[in-house]
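Visitor: I am new to this one and would like to know where its labels come from. Please show it to me, and then I will ask.

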Amino acid sequence: MPDNASTVWWASAAIDDAGSPWEKFRAIVHRTGFLDRMDDGDNVAIKVHMSELGNIRGIRPMWVRYVADMIREAGGQPFVTDTTTLYRRGRVTLQKYLDTAARHGFSPQTMGCPVIIADGFGNAGTYVTQDAKRYKRVPVAQAIYEADALVNLAHPTLHPSFPIAAAIKNIGMGCTTKEAKIRMHAQMAAPKYNADRCIGCWVCVNLCPGGAFEPAGKVVRFNEDDCIGCGECIAVCRGGALNPRWDADSGETQLWTIEATRATLSTFADGKVVHLAIGTDFTAGCDCGENSLPIVTDLGLFGSNDPAALDRACWDRLHEVDLYPGGLLDQIARDPEKSAGLDLSSDRASAIYDAVEPERFWTELLPESGLGTGEYRLEPVGK
Ligand code: SF4
Ligand code: SF4
């Protein structure tokens with residue numbers, strides 16, 4: 001174990017000799033030392049993904065309330081927060097997000113503290129400049145920028161652009177404005193157009209901020225050079241003619257996101273951030289969409305002061321737990337044709353998403369990014 005390895009505290013989500021999930025999670029939070037590092041009256045952002053409409057597998061609100069209570073007991077002033085999305089569904093505006101959040105159980109009444117959409121109507125942020133290879137001027141969502149401390153409360157899943165969507169993605173994409181999300185998605189957000197499926201509804205013609213579509217007979221002509229990569233047409237296309245480029249190089253999206261994470265973390269004083277993860281309901285898709293059955297059994301509960309270490313621990317645990325019966329990985333494993341050439345013991349992400357390249361992420365992109373190496377030592381926690 002290298003000297004620079006960070007500690008990741010971990011507990012099973014089962015009720016066992018070590019205690020109940022609640023007791024073990026409380027112990028994890030205390031072990032990180034975050035509550036001791038808080039000052040009385042600190043405004044503490046609890047960053048959480050409150051789930052896209054229709055997603056029944058997101059983080060359960062009781063975990064978030066539990067964290068809010070711990071912060072209040074320790075003298076802090078918590079607020080639950082997230083940012084609006086690029087795509088036009090249930091979280092695209094402040095009003096829509098608050099409505100979706102309430103439907104999913106996240107409201108001031110249930111959380112016992114304010115629920116704040118950190119980028120306001122969608123663009124409220126402050127630019128943070130940094131020395132970085134790519135992302136040198138990052139718009140961090142205003143309420144997060146102004147907070148004194150941050151609890152990064154992630155719900156790990158797979159994702160089309162990352163080996164695992166956990167602590168790093170929850171900050172890099174989740175704590176920044178729409179403008180930043182455009183930058184991070186630019187590699188894949190320009191749509192792949194299939195004219196055979198176009199029904200000539202002209203929704204994209206009227207919507208596209210780049211003016212990339214024009215009517216051409218019964219379908220549209222797509223002028224890709226005019227696309228600015230906002231991704232909005234993909235969400236609204238009525239014919240299913242516009243789709244993400246899932247085969248694009250995810251490495252660029254990963255790098256821009258890691259650098260956005262670094263910029264966001266730099267707005268907090270030393271020790272004022274903690275990273276937690278609730279590894280239950282681990283699904284193939286992230287919480288930005290509907291999700292079917294989990295793909296593995298529970299990873300457990302995690303805490304660390306290092307987001308890269310926490311993500312790596314979640315990744316490793318993903319390969320230790322059993323496949324969820326009937327879930328997508330289980331279906332793949334049972335199908336000789338689909339599972340041919342796959343090694344589900346070491347890379348379960350590439351079995352579903354071709355372009356995520358986990359080996360490159362962990363050994364090349366992450367270590368070069370300045371966010372950390374992902375090296376960690378796991379400390380099991382009881383109550
Ligand atoms: S992704 Fe490109 S083509 Fe689609 S709406 Fe945005 S700018 Fe227009
Ligand atoms: S939104 Fe889709 S179906 Fe409608 S015109 Fe554009 S490409 Fe065609």
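Guide: A word on domains before anything else: their bounds come from an automatic or database domain assignment. For this chain the assignment gives domain 1 (6-180 + 247-380) and domain 2 (191-243). The centres of domain 1 and domain 2, taken over C-alpha atoms, are separated by 32 Å. This is a predicted model, in which local features need pLDDT of at least 70 and side-chain atom pairs count only at pLDDT 80 or more, while totals for chains, interfaces and linings use all residues. Residues are numbered from 1 along each chain as its sequence is written, chains are lettered from A and ligands numbered from 1 in the order in which they are written, and side-chain values use heavy atoms, with hydrogens and water left out.

Visitor: What makes the pair Asp-281 and Arg-57 a salt bridge?

Guide: The term requires a side-chain nitrogen of Lys or Arg within 4 Å of a carboxyl oxygen of Asp or Glu. For Asp-281 and Arg-57 the N to O distance is 3.5 Å, so the pair qualifies. The two residues belong to distant parts of the chain, 224 residues apart: Asp-281 is in the loop between strand E14 (273-279) and strand E15 (300-304), and Arg-57 is in the loop between strand E2 (43-47) and helix H3 (61-73). Helices (H or I, at least four residues) and strands (E, at least two) are DSSP runs, numbered from the N terminus.

Visitor: Why does Asp-281 count as buried?

Guide: Buried means under 20% relative accessible area, exposed means over 50%, and partly exposed lies in between, with a 1.4 Å probe and protein chains only. Asp-281 has 9% relative accessibility, so the word is buried. Arg-57, at 17%, is buried too. Asp-281 also has a positive phi of about 50 degrees although it is not a glycine.

Visitor: Where else is there a positive phi of about 80 degrees in a residue that is not a glycine?

Guide: That residue is Ser-51. Ser-51 is placed in the loop between E2 and H3, and its relative accessible area of 4% makes it buried. As background, most residues other than glycine have a negative phi, and most peptide bonds are trans.

Visitor: How many salt bridges does the structure hold?

Guide: The structure holds 20 salt bridges. One of the pairs is Arg-31 with Glu-379, whose closest N and O atoms are 4.0 Å apart. This pair links distant parts of the chain, with Arg-31 in helix H1 (residues 21-32) and Glu-379 in strand E16 (residues 376-380), 348 residues apart. Arg-31 has a relative accessible area of 41%, so it is partly exposed. Glu-379, at 32%, is partly exposed as well.

Visitor: What is the N to O distance between Asp-316 and Arg-312?

Guide: The distance is 3.2 Å, in a salt bridge between their side chains. Asp-316 and Arg-312 both lie in helix H12 (residues 307-318), four residues apart, about one turn of the helix. Asp-316 is partly exposed at 21%, and Arg-312 is partly exposed at 25%. Elsewhere, Lys-47, Glu-52, Asp-82 and Arg-91 are linked in a network of salt bridges.

Visitor: Why are H1 and H3 called oblique to each other?

Guide: Axes are lines fitted to C-alpha atoms, for helices over the stretch in contact, and angles run from 0 to 180 degrees between N-to-C directions. Angles under 35 degrees count as roughly parallel, over 145 as roughly antiparallel, 65 to 115 as roughly perpendicular and the rest as oblique. The axes of H1 and H3 come within 11 Å and cross at roughly 45 degrees, and H1 and H3 are therefore oblique. Residues making the contact (heavy atoms within 4.5 Å) include Trp-22 and Phe-25 of H1 and Trp-63 and Tyr-66 of H3.

Visitor: How do you know that H11 is oblique to H15?

Guide: The axes of helix H11 (residues 250-265) and helix H15 (residues 358-369) come within 10 Å and cross at roughly 40 degrees. That angle makes H11 oblique to H15. Among the residues that meet are Leu-255 and Ile-258 in H11 and Phe-361 and Leu-365 in H15.

Visitor: Is Val-64 buried or exposed?

Guide: Val-64, placed in helix H3, has 0% relative accessibility and so counts as buried. Leaving aside neighbours within four places in sequence, Val-64 is in contact with residues including Ile-46, Val-80, Phe-106 and Leu-153.
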